[in-house]
Amino acid sequence: MSEARPRRGRPRDTDVDHRVLAAARETIETHGYAGLSVDAVAERAGVAKTTVYRRWPGKAWLVADLASRLQEDAVLEVTGDIRADLARHTVKIAAGLVALGPALVADLTAAMANDPEFGATMRARWARRRQLVIDALDQAVRRGDVDPGLDPATAVDQLLGPLYHRLLFTDDPLTPEYAERLVDNVLGPPPHPEGPSRP
């Protein structure tokens with residue numbers, strides 16, 4: 001999901017993209033975000049530095065693309081069971097954040113604050129995914145599947161905010177069980193099947 005500035009000319013070589021992104025990930029795993037540089041990535045990928053810059057304006061854009069690809073399956077799949085859909089979605093996001101790690105997430109957040117163009121691009125990217133969840137919750141409210149007083153936009157914040165809080169501030173584990181509990185806290189506990197009727 002490359003959303004760096006669109007460029008004219010020949011189509012991008014996807015093999016080069018994969019090699020550069022793999023090199024970026026390996027460099028981060030070895031040296032951290034602070035040790036990441038376009039020079040180091042280009043050398044590891046076996047491409048010219050200009051090749052990297054033609055695709056990504058700077059290392060923050062490169063890492064953002066890498067982060068997006070690591071979380072590319074964390075898009076809401078709507079099946080009609082809003083509780084199961086949200087649980088699956090939240091678990092995927094939690095797993096993606098764990099894969100990225102707190103240092104990388106913090107550095108990307110700082111880059112968004114310091115580079116207005118980069119920040120606007122990332123916010124637009126996340127806003128589209130967020131809106132999908134809001135729309136699914138809104139439809140669930142209309143169907144009567146969840147509390148009619150539920151505010152979809154606030155509910156999404158209540159689901160995702162704690163994941164970032166745990167990752168960046170508390171260091172508590174982001175487990176699938178925790179992600180599923182968040183869904184129950186937002187939607188309320190799942191209904192229990194009624195037992196056999198008494199005479």
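A: A contact means heavy atoms within 4.5 Å. This is a predicted model, in which local features need pLDDT of at least 70 and side-chain atom pairs count only at pLDDT 80 or more, while totals for chains, interfaces and linings use all residues. Residues are numbered from 1 along each chain as its sequence is written, and side-chain values use heavy atoms, with hydrogens and water left out.

Q: Which residues does Leu150 touch, not counting residues up to four places away in sequence?

A: With that exclusion, Leu150 touches Leu137, Val141, Ala155, Val186 and Leu187. For the protein chain, 66% of the contacts with a separation of 6 or more are between residues 24 or more positions apart.

Q: How many helices and strands does the protein chain have?

A: Helices (H or I, at least four residues) and strands (E, at least two) are DSSP runs, numbered from the N terminus. The protein chain has nine helices and zero strands.

Q: How is burial read, and what part of the protein chain is buried?

A: Buried means under 20% relative accessible area, exposed over 50%, and partly exposed in between (1.4 Å probe, protein chains only). Of the 199 residues in the protein chain, 40% are buried. Accessible areas come from the Shrake-Rupley method with a 1.4 Å probe; for residues, only the protein chains shown count as cover. The protein chain exposes about 11500 Å², and carbon and sulfur atoms supply 53% of that area.

Q: Which members of the largest nonpolar core touch the most other members?

A: In soluble globular proteins, nonpolar side chains tend to be buried together. A nonpolar core is a set of buried Ala, Val, Leu, Ile, Met, Phe, Trp, Tyr and Cys residues joined through side-chain atoms within 4.5 Å. The largest such core here has 57 residues, of which Val20, Leu86, Phe118, Leu137, Leu150, Leu163 and Leu187 touch the most other members. Helices that each supply at least two of its residues include H1 (14-31), H5 (82-100) and H8 (152-170). The largest share, eight residues, comes from H7.

Q: Where on H2 do its buried residues lie?

A: The buried residues in H2 include Val38, Val41, Ala42 and Ala45. Seen down the axis of H2, the buried residues fall within an arc of 100° (taken from the directions from the helix axis to the C-beta atoms), so they line one face of the helix. After H2 comes Gly46, whose phi is positive, near 75°.

Q: How many salt bridges does the structure hold?

A: A salt bridge is a side-chain nitrogen of Lys or Arg within 4 Å of a carboxyl oxygen of Asp or Glu. The structure holds eleven salt bridges. In one of them, Glu26 pairs with Arg44, the closest N and O atoms being 3.5 Å apart. Glu26 lies in helix H1 and Arg44 in helix H2, so this pair ties together parts that are 18 residues apart in sequence. Glu26 is partly exposed at 37% relative accessibility, and Arg44 is partly exposed at 41%.

Q: Which residues are linked with Asp85 in a network of salt bridges?

A: The network links Glu77, Asp85, Arg88 and Lys92. Within helix H5, Arg88 and Asp85 are three residues apart, about one turn of the helix, and their closest N and O atoms are 2.8 Å apart. Asp85 is buried at 2% relative accessibility, whereas Arg88 is partly exposed at 31%.
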